[in-house]
Amino acid sequence: MIYSMKLSQFRFRLPDEQIALYPPHRAFENEDGTVERVFQRDRCRLMVVHRKSQTIDLQKKGQDGKDEPIVFRDIVSYFNEGDTFVFNDTKVFPARLYGTKEKTDAQIEVFLLRELNEELRLWDVLVEPARKIRIGNKLFFDGDGPMVAEVIDNTTSRGRTLRFLYDCPHDEFKRELFSLGSAPLPRYIVDRRPADADDMENFQTIFARNEGAVTAPSTGLHFSRELMKMMEIRGLNNAFITLHCSLGAFDTIEVEDLTKHKMNSEQMIITSEACDIVNRAKRDGNKVCVVGASTARATESAVGTDGMLKEYDGWTNKFIFPPYEFGLADAMVVNFYHSESTMLMSTAAFAGYDLCMKAYELAVENGFMFGCYGDAMLILDD
């Protein structure tokens with residue numbers, strides 16, 4: 001048992017070509033040379049990790065008896081009637097905007113974090129390049145369009161408070177503001193390609209319901225309508241909780257001793273309905289599978305000492321890293337995350353550090369894709 005984990009223990013080398021820039025898809029080249037992509041959420045590869053037997057599956061037997069990769073939609077075959085999946089139903093809004101600074105016409109990236117005051121149109125944002133943006137500056141969006149914002153406060157080195165000067169009903173303002181934005185893809189994607197029209201759909205789970213996230217609960221992106229129907233036919237249950245994912249998961253950890261790292265707080269809601277579904281599965285001896293690191297953080301913030309999920313409406317800054325004893329989940333499905341990330345650490349906490357890092361080593365060796373649009377790992381307690 002490792003009792004004091006260090007940041008450097010979660011460092012590994014990831015080749016650039018194994019960072020997924022698009023979701024799983026088939027690509028077709030048109031006669032004019034443009035590329036058309038047909039996206040298939042549930043067609044990524046799936047690695048299955050068994051934490052009791054300490055074994056890892058990369059392949060399954062095909063109908064012809066030959067080995068073939070496990071794909072995500074095969075996940076249903078690892079669960080039985082009455083088993084329950086817990087999903088994060090937060091909804092991503094188009095948080096990344098580009099404006100121009102008055103007088104200089106310098107292009108400024110504005111990343112919306114959250115609305116501070118509905119009546120005054122105040123928003124907490126990040127700006128890039130921050131050195132050019134000072135209190136009193138005005139930013140113009142959509143060319144000569146009506147959307148203008150004034151910088152009224154500096155909050156952090158990159159953080160600013162903007163007041164949008166747009167006189168209309170709030171619903172109309174939000175619609176207009178969001179129409180100017182693009183999908184808030186992580187920097188490791190937008191630094192390699194711009195967000196496009198498909199991303200606003202691809203970077204949203206099909207069950208997204210409660211708006212407030214500035215990045216997607218990425219493991220949930222793999223679940224297609226067809227897969228959810230297959231799960232329903234198999235008798236699997238779904239419970240939905242809400243945790244509004246912030247950019248905190250992408251913050252660089254700047255301390256070697258992980259006990260000294262502080263996570264950003266994120267808003268979360270767990271309803272009595274979700275508790276009833278999850279706790280019935282627990283009482284009946286069925287598996288509870290949490291989908292993604294954000295869902296794990298939420299459920300572990302609200303599980304009681306009796307192993308039952310409790311209602312919750314508030315904020316959490318829970319940071320899960322080994323050694324950690326999970327109170328609720330029997331299974332967990334996650335993406336493959338970047339080196340030294342908090343999501344990798346929560347994966348290692350559930351799978352066990354040695355088994356998790358062995359799985360990551362195999363993933364790199366076998367060409368698995370990493371990041372929000374990449375491949376996935378199912379961790380089972382068997």
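The dialogue below takes up aromatic pairs, charges over rings, a histidine and a cavity.

Q: What kind of model is this, and how are residues numbered?
A: This is a predicted model, in which local features need pLDDT of at least 70 and side-chain atom pairs count only at pLDDT 80 or more, while totals for chains, interfaces and linings use all residues. Residues are numbered from 1 along each chain as its sequence is written, and side-chain values use heavy atoms, with hydrogens and water left out.

Q: How many aromatic pairs does a search of the whole structure find?
A: Rings of Phe, Tyr and Trp (its six-membered ring) pair if their centres lie within 6.5 Å, and planes under 30 degrees apart count as stacked, over 60 as edge-to-face and the rest as tilted. Searching the whole structure gives 25 such pairs. For Phe-207 and Phe-240 the ring centres are 5.6 Å apart and the planes stand at 50°, so this pair is tilted. Because Phe-207 lies in the loop between helix H3 (199-202) and strand S15 (210-213), and Phe-240 in strand S16 (residues 237-243), the pair ties together parts that are 33 residues apart in sequence. Here helices (H or I, at least four residues) and strands (E, at least two) are DSSP runs, numbered from the N terminus.

Q: Which residues do ring pairs link into a cluster?
A: The cluster consists of Phe-72, Phe-79, Phe-85, Phe-87, Phe-207, Phe-223 and Phe-240, linked by ring pairs.

Q: Where does the charged end of Arg-37 sit?
A: A charge sits over a ring if NZ of Lys or CZ of Arg is within 6 Å of the ring centre and within 35 degrees of the ring normal. The charged end of Arg-37 is placed over the ring of Tyr-22, 3.8 Å from its centre, and that of Arg-45 over the ring of Phe-368, also 3.8 Å from its centre.

Q: Is His-244 buried or exposed?
A: Buried means under 20% relative accessible area, exposed over 50%, and partly exposed in between (1.4 Å probe, protein chains only). With a relative accessible area of 13%, His-244 is buried, and this residue lies in the loop between S16 and strand S17 (266-270).

Q: What volume does the largest cavity have?
A: On a 1 Å grid over the protein atoms alone, a cavity is a set of points where a 1.4 Å probe fits but cannot get out; grid points are joined across faces, edges and corners, and a volume is the space filled by probe spheres set on the points. The volume of the largest cavity is about 80 Å³.

Notes. 1 Å grid on protein atoms, 1.4 Å probe; cavity = no way out; pocket = protein on both sides within 12 Å on 5 of 7 lines; lining within 4 Å.
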